[in-house]
2 protein chains.
Amino acid sequence: MGRKRTKSGKIRLAEVAELAGVSPITASRFFRNPEALSVAKRTRVDSAARELGYVPNLAARALASQRTEVIGVLIPSLTNNVFSDVLRGIYHASEDSRYSIQLSNTRYSILQEEKLLRIFLAQKPAGLIVTGIDQTTESRAMLEAADCPIVQIMEIGPNPVDMMIGFSHFDAARAALDHLFGQGHRKIGFVGARMDPRVQRRLDGYQAAMKDAGLFDPRLIVATATPTSVTLGGALFTDLLAKAPDLDAVFCANDDLALGVLFECRRREIAIPEQIAIIGFNDLEFMASAVPTLTSVRTNRYEMGRTAATMLIDAIEGRRPERPVLDLGFKVMERQSSSLRRSDSRPALSGTGPANKMVALPSSHD
Amino acid sequence: MGRKRTKSGKIRLAEVAELAGVSPITASRFFRNPEALSVAKRTRVDSAARELGYVPNLAARALASQRTEVIGVLIPSLTNNVFSDVLRGIYHASEDSRYSIQLSNTRYSILQEEKLLRIFLAQKPAGLIVTGIDQTTESRAMLEAADCPIVQIMEIGPNPVDMMIGFSHFDAARAALDHLFGQGHRKIGFVGARMDPRVQRRLDGYQAAMKDAGLFDPRLIVATATPTSVTLGGALFTDLLAKAPDLDAVFCANDDLALGVLFECRRREIAIPEQIAIIGFNDLEFMASAVPTLTSVRTNRYEMGRTAATMLIDAIEGRRPERPVLDLGFKVMERQSSSLRRSDSRPALSGTGPANKMVALPSSHD
DNA sequence: GTCGTTGCTGGTAGCGCTGTCAACGTTCCT
DNA sequence: AGGAACGTTGACAGCGCTACCAGCAACGAC
């Protein structure tokens, strides 16, 4: 009777409270902290809400409480399937929570990232997931001043803003090289595209390994800022071959490039691994079913996303993780494309990571 | 001096208005409809906002205006790279707009879709993008009752809820089959995974084509509900070969499966296309650089996402499209994997689509 | 029996913004 | 010149919810 509806006919908290015979604030508490109510009122509010089909108005809640239940995610690309795996993990972990994901694409620009960060922060997100450790000074300052938990993903390094989850791309690249050295390869090329900070660190790892082995030769490196693709892998490999015809192995900065190299070898009738060995990076699904099967450095992308979101939500709700920096490690998945001599009983080269299946081998972050 | 800040120190519209020497409501208008202001005030507010680094509070705006600037997107999967292309298009089109994307994953469940739809609708989204045309009756009713524009994507069919953009999977499959028939193939197998409604319609198209040609044989069909992968392609092809050893071509419901079939053929030393022809679906990037290059049905996924978001935003802002249903068509990209006889001057088989590069060939939607 | 303590509940006062409508000045028409 | 029409501006009153604090009952300690 006296119940007045909003124009749009939506049910408000006040209606629920009235039907339940409690004050609006009590009804409000029911949705945020049911334990604070007596059992009697709790059930009354519950059934009133059900009966009316009440759905809270998030905008009003956000305005009144001065905070949102939004987790902001800043990633550099939607194209790259590395990020789609990470995202899948993030969405998965957030699905059963009250938090919703707000995604923004920095397009590999730290300036764009800074701009987006400013917008995100102004909306007082519950938490933030940002990619990598190479923010602008200004972004870094904003992140540090932010009053919400933050997780940096994709890699680990010194001075986390807050939490951090990833692995050492530098060490992973070194492990790839060590694997190739172990197979007797010496003239090892590097093929890289996009060259974002993480690919750059893989290149750094490659260079360090080659230098340490006294095998470094700049002609063995082909890198471009062009976005990656299978076709590009073939093209870059062609360039590499022109510069270094006596090549005996290729470290590809990602698996798409590796597949492109595989096809290009097939086109040129180069035998793999007899003439040239191939190793990729990320271990996408197709690597294991290519012919020959392709060696790759496995990274835990889905796990990274899922764990990042879980850690973040825990932190938002006051459950801070025991250790704020998590190294998820990597693992060299040795397959036909790099196995000249069958590796006998030597375990796969691994970085640190969950104890279940990885050999502990701490990556150095200095 | 007299300027009072909110506790958190955030700049409010009132501060901007004060600095600009106008009333808050005028400042408000500047952000929503600058043309309504005189040039003098416009520049004053603009510089005041810049100087203070003002960012509007979206929650307050949403609460006061009774609407949000959120576009809800319901897709069945984040894994499938078909959807990541669509999403890229959607995000791209929304980036320069005031609208933000809220993504939810139905996991191929129309019940889950219904649940998510209910939540979305309660927050009064500015618009909605939903996948496909197979909603539950309840979902359908909610969509029709929603007071925001809606775009259905990925396929076209009768009775759009509002707008619709996609192509006919049935016709696309028929076109693939027609291409194979044209190359002289008769024992054509079907390999499909996931079997969502759109893959199902591709299977329907395959069946119709085979029946019309008097070549239908249920043993030629291998389909599973398992999510797709390259490895699965090889496994399904193995099954198919066991059931129909005299196969001369395979229509794969997507490109991952096609790549798996390619590798499996290589493993079995089956010559492509001499012994078995392969055609995929979607024309992912790698199809053109495989060895042999793989024929596929090109679909305009990025374009679909971009156009859907653009149409939706236009509709939200009152610019309804001339035609609410858009057929983006498809195109059979003939490559080595299906070219027994070099196709001379015959144009590629196409569905309807943008005039620029596709041969108009309307798909029937009945 | 009094006092504090705890647990639960409600009143009040906004959160920051925009819808509505009225008021103003200017221009243009008759 | 008077008035209508338009463009521009501002005052006011919320949007639906929650933070904050006060109040009240019930209970235990002394």
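Two strands are said to pair if DSSP finds at least two bridges between them. With that in mind, let us look at chain A of this predicted model.

Chain A holds an open sheet of 6 strands, ordered S7-S6-S8-S9-S10-S12, and the pairing in this sheet is mixed. Its edge strands are S7 and S12 of chain A, each of which pairs on one side only. From one strand to the next, the twist averages 15°.

| Element | Residues |
|---|---|
| Strand S6 (chain A) | 188–192 |
| Strand S7 (chain A) | 221–223 |
| Strand S8 (chain A) | 249–252 |
| Strand S9 (chain A) | 277–282 |
| Strand S12 (chain A) | 330–333 |

Strands S6 and S8 of chain A pair in the parallel sense over 4 bridges. Within this pair, Phe190(A) stands opposite Phe251(A) in S8(A). Helix H9 of chain A, residues 197–212, lies across S6, S7, S8 and S9 of chain A, and runs at about 170° to S6(A).

Now for chain B. Glu155(B) sits in the loop between strands S4 (150–153) and S5 (163–166) of chain B. Is Glu155(B) buried or exposed? Glu155(B) counts as buried because its relative accessibility is 1%, and the cut-off for buried is under 20%. The side chain of Glu155(B) makes a polar contact of 3.1 Å with the side chain of Arg198(B). Beyond its neighbours within four places in sequence, Glu155(B) is in contact with several residues, among them Gly132(B), Asp134(B), Phe167(B), His169(B) and Arg201(B).

Terms used
Residues numbered from 1 in each chain as written. Chains lettered and ligands numbered in written order. Predicted model: local features only at pLDDT ≥ 70, side-chain atom pairs only at ≥ 80, totals over all residues. Heavy atoms only, no water. Helix = DSSP H or I, 4+ residues; strand = E, 2+ residues; numbered from the N terminus. Axes fitted to C-alpha atoms, helices over the stretch in contact; angles between N-to-C directions. Contact = heavy atoms within 4.5 Å. Buried < 20%, exposed > 50% of the residue type's maximum accessible area, 1.4 Å probe, protein only. Polar contact = N/O pair within 3.5 Å; in protein donor to acceptor, adjacent residues only side chain to side chain.
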